[in-house]
Amino acid sequence: SRIDGTQAPSSRSRCVVANFVAKIRINKNYWMSRILKVAAAQLGPITLKGPRSSAVKRMIVLMQNAKAQGAGLVIFPELALTTFFPRWYTEDQSEIDKYFETEMPNKDTEPLFAEARKLKIGFNFGFAELVVEKRVTRHFNTAIIVDQQGRIAAKYRKIHLPGHTENEPWRAFQHLEKRYFEKGNLGFQVHQVFGGKIGMCICNDRRWPETFRVMGLQGVELVALGYNTPAHYPLAPEHDHLQDFHNHLVLQAAAYQNGTWIVGVAKAGREEDCDLIGGTCIIAPTGEIVAECKTLADEVIIAECDLERCKEIQENIFNFDLHRQPEDYALITAPKKESASNG
Ligand code: ING
C-alpha cells in the first residue's frame, strides 16, 4: 500500500497495463519504421599505376551487386579512385596533382554516375579534390553523396588529417596527408537525403568523438565514412595487433553515444606492400555491428537501416536536451595551445 495508507493497484493489474504500453510502443516503432537499405562496398588494393578506370569498373560491379540486393545507397572507401598516394614522399607537386580530380564527375567517373542514374541508387565515395577557390589552388581529401538521380547532394572535406608533413625515412611507409591535403573547410554537416539525416566523415575523423557529436547535435541518423588504415602504425607498433579492435571500438562507441547508424568502409588488403585493415561494417544506433565484411577484397555487405531506431537512443539515454551539460564542457572547444604535434 502507499505511504498514505491507500491501496496501490494490484501487481497483476500493473503488469497488464505495463504489457499493454509496451505493445503500443513496439507497434508504434513497427509502423513508424523508415527503412533505408544500405550497402557497404569494400575495395581491395588499388595499385599505384592502376588507371582510375579500373577502380571505377570495380566500383560499378559492386554498385550493381548492391542494387541487386535491394540497396538504395552504396558507400565506398576514402580515396576510392587511386592507391593511397600519401604513402610516398615527393616534392614534385605536378606528380602529386596527378592523383587529384579537378572536376566531378569527370571522364573517368562519369560511367559510375551514369550507372547509378540507370540503377536509381545513391552513392558516397572519397577522392582527392583539387579546386581553385578565390584564385587559390586548394587540395582536399573529399567525399561526396550522390542522390538517386545522379546529382551531387553533399560534399565533405576531411578535417582530421593524420600523419606528418616531411619525409621520415625511418618509417616503412610515409603517411603524408598533412603534406598533400589542407584541413577541410566545410565542417561536419548533416543533409536531408534518402529520407533521412545523413552525415559524412573520413577515416581518421572517426577516431575523434567530436566528429560524431557535432553531427549528433544536428540529429544525424546515418554517418557514411571510408578509410584506408594501415595495420602497422609506425609510432606505436606495439598497437599493431589492435588496429581492427580500435576501428570497431571508435565506430561502435560513436554510434551508441549519438544514436546513429554508421557505415564504415575500408580500402583493404595488401596495397603496394602496405597491409590495410578491412573490417568494413554497418553499425546500429545501439552500437551493435549488424553486418561485417569477411575478406580483404572487393566485397558488398547489406543492412536494412531503420532510421526510426535512432530514437531509441536519441530520445532516451542520449537525449541531449535532457541530459547534456555543455556548461561543463568548455575545455573541449577551447583553442589549442601553439604546440602542435605530428601524429
Ligand atoms: N588513416 C589512418 C586512420 O586514422 C592512422 C591513420 C592509422 C592513425 C592507425 C592512427 C592509427 O585510420 C587515415 N587515412 O586517416
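# Exercises on a predicted model

Thr280 sits in the loop that connects strand 11 (274-276) to strand 12 (281-283), where helices (H or I, at least four residues) and strands (E, at least two) are DSSP runs numbered from the N terminus. The model is predicted, with local features requiring pLDDT of at least 70 and side-chain atom pairs pLDDT 80 or more, while totals for chains, interfaces and linings use all residues. Residues are numbered from 1 along each chain as its sequence is written, and side-chain values use heavy atoms, without hydrogens and water.

## Exercise 1

Determine whether Thr280 is buried or exposed, and find the side chain with which its own side chain makes a polar contact.

Step 1. The relative accessible area of Thr280 is 0%, so this residue is buried (under 20%; exposed is over 50%, and partly exposed lies in between, with a 1.4 Å probe and protein chains only).

Step 2. The side chain of Thr280 makes a polar contact of 2.6 Å with the side chain of Gln42 (a pair of N or O atoms within 3.5 Å; within protein, one must be able to donate a hydrogen and the other to accept it, and sequence neighbours count only if both atoms are side-chain atoms).

## Exercise 2

Step 1. An α-helix has 3.6 residues a turn, so residues three or four places apart point the same way.

Step 2. After helix 7 comes Gly259, which has a positive phi near 60 degrees.

## Exercise 3

Describe the residues around the ligand, and state how much of the ligand the protein buries.

Step 1. Among the 14 residues around the ligand, those that come nearest are Glu177, Cys203, Asn204, Arg207 and Thr229 (a heavy atom within 4 Å).

Step 2. An oxygen atom of the ligand lies 2.7 Å from a polar side-chain atom of Thr229, and another entry in the list is an N or O atom in the side chain of Arg207, 2.9 Å from an oxygen atom of the ligand. For Lys158, a polar side-chain atom lies 3.1 Å from an oxygen atom of the ligand.

Step 3. The ligand taken alone exposes 370 Å², of which the protein buries 93% (Shrake-Rupley method, 1.4 Å probe; for residues, only the protein chains shown count as cover).

## Exercise 4

Which phi values do Arg135 and Asp273 have, and where does each residue lie?

Step 1. Arg135, in the loop between strand 3 (122-133) and strand 4 (136-146), has a positive phi near 65 degrees and is exposed, with a relative accessible area of 82%.

Step 2. Asp273, in the loop between strand 10 (269-271) and strand 11, has a positive phi of about 65 degrees and is exposed at 64%.

Step 3. Most residues other than glycine have a negative phi.
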